[in-house]
Amino acid sequence: MGKDYYKILGVGRDAEAKTIKRAYFKLVRQFSPEKDPERFQEIREAYEYLSNPSREAEDSFTVSLPNDPTAQQLYDMMCNCLKNRQNQEAIGLAERSIDLFGESEGFVYNLARAQMRAGNTGKAVKNFEKLTQRYPDQVQYRRDLAIAYQTRGYGNKALAAFRNAYERGVRDPEFLNMYSLTCNDRGAAEEGCRVLIEQIRLCKNNIRENMEYLIDAFMGRVVMAGEESSRTLEADFFAFVEDASLYIGEYEGPIAQIVEALIDIRAMVGDLDCDYFRRLIARIRKSLPNGGDQKLWENQLAAITDHQFDSDDRISQTVRDACWTFSDPFNDSTTQRFAELDLKLRMLEEWPGIRAQFQILKQDYPDYYRYFRDYAAELEQGPDVDPLRQRLLKDYIRLARQFEEAPYFRDYPERLRSLYTVSWDSGANGAYRRDGKKIGRNDPCPCGSGKKYKNCCGRN
């Protein structure tokens, strides 16, 4: 049974040429010849098979043939087979023609092309090498040899061949795209960025026809974002969004992927310009019908806020942990309640120093502040927060027995000991009272550690 090329690229059988091209570019960045040569070769083969036949005209150029009507007829039959994706038939015709007329340029070239498309990359490489040696001034052969090397997985040879063809003036979008992929795979990311910048510059002359190439070029620059100035990449992408505003509607998904990837990368290295990304998203949505996918872009904006919050040095780790816990609760309600009590008790230890942080949350992060509104109001009722602490501790101790550890008591052991101290209700000769039930030295420690009290919080 033959291969299902549509399934390999993940497209429907009614997919248009631009959809096929978009799927291909996305996949080759995921499965490079360095990381997964077999998968890459399969993707390349599927693309060659399904790509628009009109691409054949782009590959055509004058080649020499024997001065014989039969040779010309055979060559035309080969070209027709290639156009109709009958690769094995084209191979057979080329081999028969070479037997009859020798290794004429046109026959060898069509044989190499058919071998590439049939997945016989090793044989194709040898034939493209032969053509390059015999016709050193023909840049088309140098271009095809570079792509053949890459498809075959010959990384070092591919990079050298791409550089050679580039120096000789090869600039078509697919070549530049493949060149950048090879640069990234071979640790030459800075060079790959320069190639993609060149690709963007050339493709901007006809944005509508080159949207797939432009989107893929920006995704490639995002992947290699550490090798160029963040402000240069961000400025170029914003300019692209403005220039391509009439065509963005068809590419909302891929553009959103670029934005998401760029946000994650900049956040990871601590270089996230939140205002820029908010302006960028607003500009993108302005070009989309009805503002585009509302949920998609709201999630992007929420991610920006989350990254901004996580790196805001005005917020203490305790308050930050509380925000994450309250906004993303545990599945188990008991665990959630215990975690909330633990964090509320910790915030009491930092009060009133964290009062200003609640104002920051209220102003800059209202989605988080709503989780603290009631608690903040309770803290503000008076200077003495000890009654609130005692009330929270009562529930905390009850729940702590269900867990292996009570983090608050681990970090603030004096709070546990204070629950069992003896105090006098009058003068030196008066009666005394004990706050809480007496705990024996061999009883389980109330902190929930599982140890005896004398070996845990009662050691001091």
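How many salt bridges does a search of the whole structure find? The search finds 29 salt bridges, a salt bridge being a side-chain nitrogen of Lys or Arg within 4 Å of a carboxyl oxygen of Asp or Glu. The model is predicted, so local features need pLDDT of at least 70 and side-chain atom pairs count only at pLDDT 80 or more, while totals for chains, interfaces and linings use all residues. Residues are numbered from 1 along each chain as its sequence is written, and side-chain values use heavy atoms, with hydrogens and water left out.

**View 1. Packing of helices α10 and α11.** Helix α10 spans residues 155–167 and helix α11 residues 173–185; helices are DSSP runs (H or I, at least four residues), numbered from the N terminus. The two pack at an angle of about 140°, with their axes 10 Å apart. Axes are lines fitted to C-alpha atoms over the stretch in contact, and angles run from 0 to 180 degrees between N-to-C directions. α10 and α11 are therefore oblique to each other, the class left over when angles under 35 degrees count as roughly parallel, over 145 as roughly antiparallel and 65 to 115 as roughly perpendicular.

**View 2. Residues between α10 and α11.** The contact (heavy atoms within 4.5 Å) involves G155, A158, L159, F162, R163, A165 and Y166 of α10. From α11 come F175, L176, M178, Y179, T182 and C183. By class, this contact has 10 nonpolar, 2 polar and 1 charged residues; Ala, Val, Leu, Ile, Met, Phe, Trp, Tyr, Cys and Pro count as nonpolar, Asp, Glu, Lys and Arg as charged, and the others, Gly among them, as polar.

**View 3. Salt bridges of R143.** R143 forms a salt bridge with D172, the closest N and O atoms being 2.8 Å apart. This pair links distant parts of the chain, 29 residues apart: D172 lies in the loop between α10 and α11, and R143 in helix α9 (residues 139–152). R143 also forms a salt bridge with D144, with the closest N and O atoms 2.8 Å apart. At 9% relative accessibility R143 counts as buried, whereas D172, at 25%, counts as partly exposed; buried means under 20% relative accessible area, exposed over 50%, and partly exposed in between (1.4 Å probe, protein chains only).

**View 4. The pair K204 and D243.** The side chains of K204 and D243 meet in a salt bridge (3.4 Å, N to O). K204 is in the loop between α12 (189–203) and α13 (211–223), and D243 is in helix α14 (residues 230–243), 39 residues apart.
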